[in-house]
Amino acid sequence: MAQKAGVIKSTLDLLIRLQDTTTGLSVEERDVHFFIDGEEIRPLSRGFGNYILINYGRENGLMQIDVYGYVRFEKYLDYETMDERLPTLDVFLIPSENNRSGHGTLSLTGTLKGLSSLECIHPGRPISGIREFEPKKKIMTIYAPNRRMNMVHSYYGLFHSEANTYECIEILEQLDANKVRLRDALSEEFAVNDPICRRIFGKVGEDGSYLLRVRDDGKRQTYLVRYIVDGETRYKSVDFRDLEGMTL
C-alpha cells in the first residue's frame, strides 16, 4: 500500500528589514550579526536588507543587531504589538561616524531625563506634497514626486509649516503614482500641498542619552526635530552645522 506523502509546514515568525535611517535605503552590508537576549541567531537573508526567521517561535525578547559601519541597534520584541500574519521589525540603522560609505555625518548628542523618542525631518527636502485625503479608505492623494520611487513600508512626516510641526504617517500600499494607502487615518488638519518628508530616527538610551545623526552632503542642514519627554511631544528646529551648545 502506497504511503501518504508527508506535509511539512513552515511558519514565518519574523521579517526583519534593515534600512539606513539617514538615506532611507536598504542596508545590504553582509557583515551582520543578530542576537535575542544575548544569544546569536541566524535569520535567512532574502536580499535588499531583508531577513526572515522561520520556525523559530514567537517569544518576546531583546533584539540586538550589529551591522558593520552602523551603531548597534536594540529593541524589545513584543509580538503582541505586531501583525499576527506577518510580524515585521523595521530596523533604522544609524551610520557610524567612520562609516564605509565615506560620507561625513553630523550628530546631535546629549542626555535628557524622561526622553523616550527622537527623530527629525528636513522640511526643505520633501518627496512630494499632499493633495487630498479619504479618511474612510485611508487613501492619500499626492502630487507626483520628481522621480519614480517605492513609498511602501516607508515612514514620513506631513509637515505643517504654520505650526512648525508634523504628523507621523506610515504608508502600507502604493496604489499608483499619485495615491497611497496609510496605516492610520490622518488626525491633524492639513493644507493642500503640505510637504511630505522622510523621517530620520535617532537612538534613545534608558538613561535619556540620545543620538540623532544626519548625512553631511554639503547642503543646508536645518532639520525639524521631534522628541517626546514624559509623554509630551516637542519640536525644535536644529541647524546641524551649528550645534555648539545645542541641546534638546
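**Cores and strands of a predicted model**

User: Which residues have the most contacts inside the largest nonpolar core, and how many residues does this core have?

Analyst: A nonpolar core is a set of buried Ala, Val, Leu, Ile, Met, Phe, Trp, Tyr and Cys residues joined through side-chain atoms within 4.5 Å, where buried means under 20% relative accessible area, exposed over 50% and partly exposed in between, with a 1.4 Å probe and protein chains only. The model is predicted, so local features need pLDDT of at least 70 and side-chain atom pairs count only at pLDDT 80 or more, while totals for chains, interfaces and linings use all residues. Residues are numbered from 1 along each chain as its sequence is written, and side-chain values use heavy atoms, with hydrogens and water left out. Those with the most contacts inside the largest core are Leu14, Ile16, Leu18, Met63 and Ile65, and the core has 21 residues.

User: Which strands each supply at least two residues of this core?

Analyst: Strands (E, at least two residues), like helices (H or I, at least four), are DSSP runs numbered from the N terminus. Those that each supply at least two residues of the core are E1, E2 (32-36), E5 (50-54), E6 (61-67), E7 (73-77) and E8 (88-93).

User: With which strands does E6 pair in the antiparallel sense?

Analyst: Two strands pair if DSSP finds at least two bridges between them. E6 is mostly covered, with five of its seven residues buried. Valine 32 stands opposite valine 67 in E6, and glycine 61 stands opposite leucine 77 in E7. The antiparallel pairing runs over five bridges with E2 and over five bridges with E7.

User: Is aspartate 13 buried or exposed, and what is its relative accessible area?

Analyst: Aspartate 13 lies in strand E1, residues 12-20, and its contacts (heavy atoms within 4.5 Å) include Leu53, Tyr56, Tyr79 and Pro87, not counting residues up to four places away in sequence. Its side chain reaches the backbone nitrogen of asparagine 55 at 3.2 Å. Aspartate 13 is buried, with a relative accessible area of 5%.

User: Which strands stand at the edges of the open sheet of four strands?

Analyst: This open sheet has the order E17-E10-E20-E21, with antiparallel pairing. Strand E20 (residues 222-229) and E21 pair over eight bridges, and the bridge partner of valine 225 in E21 is lysine 236. Each edge strand has a single partner strand, so one side of each is left without a neighbour in the sheet; the edge strands are E17 (200-201) and E21 (232-239).

Note on methods: A polar contact is a pair of N or O atoms within 3.5 Å; within protein, one must be able to donate a hydrogen and the other to accept it, and residues adjacent in sequence count only if both atoms are side-chain atoms.
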